[in-house]
Amino acid sequence: MSSPLTLPATKAARPRTALVAVGAALIAATYLYLVLVQPAEIAEGIGGTSSLITLFGFLGGGALLVAGILPSLSTSSLVLMPLGIALNIAIGQTAGSLGLQIYLDAIGTVLVAVLAGPAAGAATGALSNAIWGLFNPLALPFAAGAALIGLLAGTAARYGMFRRVYLAPVAGLVVGAFGGLVAAPVAAFMFGAAGTVGTNALVAAFRAVGDSLLVAATKQGLTSDTIDKLVVFTLVALLAYALPRRSRAQFPFLRRYRVLAGRTGSAIGR
Amino acid sequence: MPRRRVFNPLTELLAAALLVVLVLVVNTWQFSLAVLVAAVVPGVLFSGKPRQIALAIAVTAGPLLVSSFLLHGLFFPEGTTVLAEWGPARVTAEGLQFAALTGLRLAVFTGVLLTAALTVSIPELVSTLTHRGWNRRLVFVVGSAVGLLPHVAERSRQITRAQQARGLVVGGSVPSRVRGLLMVSVPLVTGLLIDAAERTQLLEARGFSSPGPRTSYLPDTDTAGQRTARWLMAAGVLGFACAWYAVGAGR
């Protein structure tokens, strides 16, 4: 459907695996370092070095991921990405200003991941937070977590978690748990776990019981993120099934892995 | 009155980012406060749209500051100097100090980056990135996402109004809210996807995926001097950070 008119169809370049691997390793190393080494330091109340490491590790890792993934994407996935990013920012900004306990800022990422696959989802997540950073710098350090959400959502879609509407919330719950774990050190070391009014009440409750800041932020992340992703995955599943067949037919990922139940435009796509 | 642009957007964004890095490296409340007073406040005042930027900073950082003080002021189990106590909530000196330190850092972080980002002209940034030979897929995604944002907001407003004219009631119970959300988001996403499909064909027809050099219709506002300055600034901050940590380790 999207064959170029001026050039013979060229195969999409292979993803630059080395860049992706280095990016992922950097993010994983940053996370492990923050969780294993720093909890002693935060008790004294100073976290400048850990903020710096958080910022560089997660942002740099996200940038490497994007650099590795972008050359391999098809034009139709690439055109989908700005759409997902704009949806993320528009909806996330609204949810944040309403003071909800959940963020809803991953609807676009998950939608792109379901329609175009894990690689496009990961790139959308990372770029989305980078661009959102232009309007709301507080979103910037969460870029790596958003990339992980996109990657996992796409993988879940590839293995059929969106074929039944009732499976999508389950996938959301699991992905949300991972997302919460990754986001917690960012929240704790960059912002002292201060978030919106809603998430703050949760952190305060865990702190009142006597948890350390990282533990309280992790528990809050596990609570908020699982519920948030459960809602987001359900919404995206409902959205994807509500799309007209013509719109679904333009995404080869949907056809190849039979992401959605039913005929998924195979009659048109062939 | 729009501000007369002095530097290239890339230079300004890099300078803002490096300032944030400096604040994180030094990490004392005195330095954070100094940057806030000496850099952020004049930057906002001379930006050409001080009210808009001040409002954006207040909306972004304000709630976070308030909640930071409430959170750490009231619940800081590590604190020993208790100033007041109500039930599970204890006001501790250490908690307030922690809140002040993170709060100031946050204020600088949002202030510096927002001032730089809100004064940057996105078309100029995109054209600079093209001239500097950045990955054009990245340039396309960034430019197109920023361009889509107001479009998405406007479109969702129109769809909400249309559905309200058909009897959609916003608010009420949770199921009715969810239904309202779906009634707006399904047409929104469908419309955007159809637009995207058309754009794909238009881009392909114009050789978007073909290799080869690109021409930007906007002139290059970057200069060799600024390019050198960017490298020097980055090297300077890196050197300072190394020296700072070396001195800190020696002490």
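Predicted model: local features only at pLDDT ≥ 70, side-chain atom pairs only at ≥ 80, totals over all residues.
Residues are numbered from 1 along each chain as its sequence is written, chains are lettered from A and ligands numbered from 1 in the order in which they are written, and side-chain values use heavy atoms, with hydrogens and water left out.

**View 1. Confidence along chain B.** The mean pLDDT of chain B is 82. A score of at least 70 is reached by 90% of its residues. pLDDT is the predictor's confidence in each residue, from 0 to 100.

**View 2. The helices of chain A.** Chain A has 13 helices and 0 strands. Helices (H or I, at least four residues) and strands (E, at least two) are DSSP runs, numbered from the N terminus. Of the 270 residues in chain A, 56% are buried, meaning under 20% relative accessible area with a 1.4 Å probe, protein chains only. Among chain A contacts with a separation of 6 or more, 72% join residues 24 or more positions apart; a contact means heavy atoms within 4.5 Å.

**View 3. Phe162(A) and Phe233(A).** Over all chains there are 4 aromatic pairs, counted where ring centres of Phe, Tyr or Trp (its six-membered ring) lie within 6.5 Å. The centres of Phe162(A) and Phe233(A) are 5.7 Å apart and their planes at 25 degrees, so this pair is stacked (planes under 30 degrees apart). Phe162(A) sits in the loop between helix 7 (143-158) and helix 8 (167-191) of chain A, and Phe233(A) in helix 10 (residues 213-242) of chain A, so the pair ties together parts 71 residues apart in sequence. Phe162(A) is buried, at 0% relative accessible area. Phe233(A) is buried too, at 0%.

**View 4. The largest cavity.** There are 3 cavities of 30 Å³ or more. A cavity is a set of points on a 1 Å grid over the protein atoms alone where a 1.4 Å probe fits but cannot get out; lining residues have an atom within 4 Å of a point. The largest has a volume of about 70 Å³, the space filled by probe spheres set on the points. Its lining includes Met190(A), Phe191(A), Val20(B) and Arg105(B). Helix 4 of chain B gives the most, with 4 residues.

How values were computed:
Phe/Tyr/Trp six-rings, centres within 6.5 Å; stacked < 30°, edge-to-face > 60°. Buried < 20%, exposed > 50% of the residue type's maximum accessible area, 1.4 Å probe, protein only. 1 Å grid on protein atoms, 1.4 Å probe; cavity = no way out; pocket = protein on both sides within 12 Å on 5 of 7 lines; lining within 4 Å.
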